[in-house]
Each structure stands twice: as C-alpha cells, then as structure tokens.
Amino acid sequence: MASSSASYREVEDQYAIISIEGENDGALGIAFFVPDDQVLNDVLCIVGQFLTGRATDFEAMRYVMASLWQPSKERLRGDDPKRVVLNHLDIWVQIHGLQPGFKSDSVVENLGNFIGTYVKANPKNFQNVWRDYMRVRVTLDITVPLKRRRKLCRTAIEDGFWVEFKYEYIPTFCFICGIIGHSEKFCPTLFDTPAEKIVKPYGVWMRAQPRRKNNLVGCQWLRDGNETDDMFAGRFTGGAATALVVLQQQPLIEEAAYKGWGVDWSTCLGPIFGKLEKLRVAVGFDGLYSVDARGHGGGVAMLWHNNEDVQLLSYSFHHIDIQISEVASSPWRLTGLYGEPNRAVRHKTWDLLRSLKPESSLPWCIIGDLNNTTSHADKRGGNKYPQLLVDGFNQALSDCDLVDMELIGYPYTWERGRGIDSWIEIRLDRALVCSN
C-alpha cells in the first residue's frame, strides 16, 4: 500500500510541472464581495465527526440527527463546514479513590484540568457522605491518549496515593495507545512494533458502569480471570477466590426481587429490556430501570430524564420505587406499580402498598395500572365488580393514607369488546398521592 501511494504522488508531481498555454498568465483578481442571494446557506448545518474507523450508514445517521438536533443561537459563521476541525469531546469522568481531606472542589478542578479542560463539577459531589466517587465534566482532546490515573500527596516526602478515572459513555478507544476512535485491532502501533512487545496499559475498567445498573449479589467475589483483575496492584480489596452463582429455586428468586436485595433482574428476564433501551435512546432520556413481565402480561419500567435527580429505593416484579431530588424543589417519592391481575390474589397488591408505606416519610405518589377500582362507577358494562375487591382496595388506601387523584377527560382506561353488546370499559390506571 505504501508503494502504491508513493507512485500516485510521483504521478501528481510529474503532472504538476507540465505547463499548459494560458494557465500561467497571472492570478485572476476577485473583488471581495459576494451578493446576499449567492451566499451559501450555512445557517442550519450540523458539523460532526464519527469517533470510529468503521463504516457508517451516513444516510441513516442523517435522519437520526435530524430527529434529535434542534437549532440554537450558537453557530459558526463564515467558516466552510467541511473544514471545521472537530477534535474535542465533552464528557463526564468519575474520580475514584479520593481519600478524606482531598475531597474538595479545588482538587476536583485540578484533576479535571489534568484529564482535559475543566468544564464543571457535579453539584451533588458533596451531598452524600457515602458517595464512592466524584464526577467532573471535562473537554477531552481526542488526538491525545486518555488519562488513566493520577498520584496525589500533601507533601513531597509522602508516598501519596493513586486516584483512578472512569469515563462515562466513552466511545471506542484503543487499549494500546489510549486514543479515542479505534480499537486495539486497528492501532497504528501494530504496524511498527513486534507483537511480543505490544502492551495494553489501558483497559475496559476505564469505562464507568451505567449508573442505572445495580451490582449483582456476590459481584465483589467474582473475577473474569483476565488482566483486568490485576491491572493495578491493590486494585481490589476482596479475596482472590472465584465464585459461581447458580440460581435454581424460583421462590427464592421471587423473594429476592420482592425485597429488592440488589438483584437487577432487568438484565436476565428476557428481551424486553433491550427494546426499552432503544426507546430510552430515542426519546433522549438518561435513565431506565425495568422489570420484565412473567408470561404474557405485566412488567414494570421507569424512565427518567436526569440521572442526577433519581435514586432507586426498591423494586419487585410489580413495582419500582424511586426518590426524586430536584435542585429547585424538595425531594419526593414516586412508585410505578403494576397491580396483581388475578382477582383471587388481588390482596397481594394491597399488602404491597402497606409494606411500601413505612419505607419512607417523603411525599408519595403512585402511578400505574393498579388493576383495582375504588367504586362501581369505575366500570361500565359486563357483570358488577365484586364489592369485596372494592372494599379491600379502599381499605388499603385508607391504611396508607393515600388519595385517588381525579381523572380529567375520558373516565375509563381499559376496554374489551368495543362495538358489541358485551363491551366493557374500566378505569384501572390511576394516580395515588398521600393526603398531606
């Protein structure tokens, strides 16, 4: 390939020195004025760069960008869009391993400027004493290697300690050279360095785990058996044993999910999570947590716009409970609930409400398909709704000090048999709030 490109350059040089009559008669002077009606329209130009060396479906990406991008007041004028240099990327970085006495805004800012160019720090860095890391937003120069870690110390005579950097939603980067945009299979180093001398100082451990995921039970004892486990000495504090977790008893799984024992069943209950993830990306939300259905019905999913405002409290096969802490308002609690569809065990939904009530004293709102009614007026058509179920649900609302919010608009949310004599309509979806 090198000889081919060299021969092309030689041919170009030979043709460049050929003189054609009329070409060298001097430069053509142009008045530096272009009429307004002939100026290229660059007002609505999107200028971007794909951080990958792989083939890209350009036509598909045009439609994706057209659906996501919105015009703003900030734009470049007077430049050729094709000549705009794009070598910088804004990204959130997690700083792990900061010791007491070093957790301050100035330290975070200095580390941000070491990683790239400091933009801002996460305003919630110091709101939780149990936070394992600090977050900082920086501007990276994608032409230089990523920073892996940095040693900190108070004085020159101290040994100090290392802090490590994990990058959130980082694109493909090379484990050999640390440059964003290509993997180690396409690293230029492979062409001028013998294979036995190739080292990979970077690794997958530099990718921050998606913040919507929970750690699986027992993960602190699991090892992959590769170089990532011991990339840096003293990286892990647990033992070196390898554990194999086998789940066989369905009742145990249900109990663990009901109590919310840190098991993220959304990753192992079927393909629905993948579809929801596509939906999350399409609507531009930051967070997603889901529990897939059992059988042909049910399932619960919660999506939110800002990861910083949401904290997962508990979940089960029938509910997801989160705390919302917005900067401009007091924290409150939101529960997405799917009621038990089987009338014979409808009491499980009532008991679930009663068990969730004492878990937090925050203002509480419950939304979802509760599969319960508060009165006979909630149903039209078919047989009369059992009074026992109406009374049981109302008693649960009273025990939990919950109020059914008024529905504005059409009074029913579920139907069956539209247009025939047995047409049934029921209000099953509702929103409940605490009375105070």
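This is a predicted model: local features need pLDDT of at least 70, side-chain atom pairs count only at pLDDT 80 or more; totals for chains, interfaces and linings use all residues.
You'll find arginine 333 in strand E10, residues 332–337. Is arginine 333 buried or exposed? Buried: its relative accessibility is 0%. If you skip the neighbours within four places in sequence, arginine 333 is in contact with Leu313, Asp321, Ile322, Leu356, Lys357, Glu359, Ser360, Leu362, Pro363, Trp364 and Cys365.

Leu356 on that list takes us to helix H7, residues 347–356, where Thr349, Trp350, Leu352, Leu353 and Leu356 are buried. Those residues cover an arc of only 160° around the axis, which puts them on the same side of H7.

Now compare helix H3. The buried residues there are Val107, Val108, Leu111, Gly112 and Ile115. Their arc is only 135° around the axis, so these too sit on the same side of their helix, H3. And what do the buried residues of H3 pack against? Strands, namely E1, E2 (117–121), E3 (133–141), E4 (149–152) and E5.

On to the rings. How many aromatic pairs does the structure hold? Five. I'll show two of them. In one, phenylalanine 102 and phenylalanine 161 have ring centres 4.9 Å apart and planes at 80°, so we call that pair edge-to-face. That pair links distant parts of the chain: phenylalanine 102 is in the loop between strand E1 (88–96) and helix H3 (105–115), while phenylalanine 161 is in strand E5 (residues 161–167), 59 residues apart. Phenylalanine 102 is buried, at a relative accessible area of 9%, and phenylalanine 161 is buried with 9% as well.

The other one is tyrosine 289 with tyrosine 315, a tilted pair with 5.2 Å centre to centre and 55° between the planes. Tyrosine 289 lies in strand E6 (residues 287–291) and tyrosine 315 in strand E8 (residues 310–315), so this pair ties together parts 26 residues apart in sequence. Both tyrosine 289 and tyrosine 315 are buried.

Arginine 150 has its charged end over the ring of phenylalanine 114, 4.3 Å from the centre. Arginine 148 has its charged end over the ring of tyrosine 202, 5.9 Å from the centre.

Next, a bit of sheet. There's an open sheet of three strands, in the order E12-E15-E14, with antiparallel pairing. Strand E12 (379–380) and strand E14 (414–416) are at the edges with a single partner strand each, so one side of each has no neighbour in the sheet. E14 and strand E15 (residues 424–426) pair over three bridges, in the antiparallel sense, and arginine 416 stands opposite isoleucine 424 in E15.

Most residues other than glycine have a negative phi. Asparagine 371, though, has a positive phi of about 55° and is not a glycine. Asparagine 371 is in the loop between strand E11 (364–369) and E12, and it's buried, with a relative accessible area of 10%. Aspartate 401 also has a positive phi of about 55° without being a glycine. Its place is the loop between helix H8 (387–399) and strand E13 (402–404). At 35% relative accessibility, aspartate 401 counts as partly exposed.

That's my tour, thanks.

Notes:
Residues are numbered from 1 along each chain as its sequence is written. Side-chain values use heavy atoms; hydrogens and water are left out. Buried means under 20% relative accessible area, exposed over 50%, partly exposed in between (1.4 Å probe, protein chains only). Helices (H or I, at least four residues) and strands (E, at least two) are DSSP runs, numbered from the N terminus. The arc is that of the directions from the helix axis to the C-beta atoms. Rings of Phe, Tyr and Trp (its six-membered ring) pair if their centres lie within 6.5 Å; planes under 30 degrees apart count as stacked, over 60 as edge-to-face and the rest as tilted. A charge sits over a ring if NZ of Lys or CZ of Arg is within 6 Å of the ring centre and within 35 degrees of the ring normal. Two strands pair if DSSP finds at least two bridges between them. Contact means heavy atoms within 4.5 Å.
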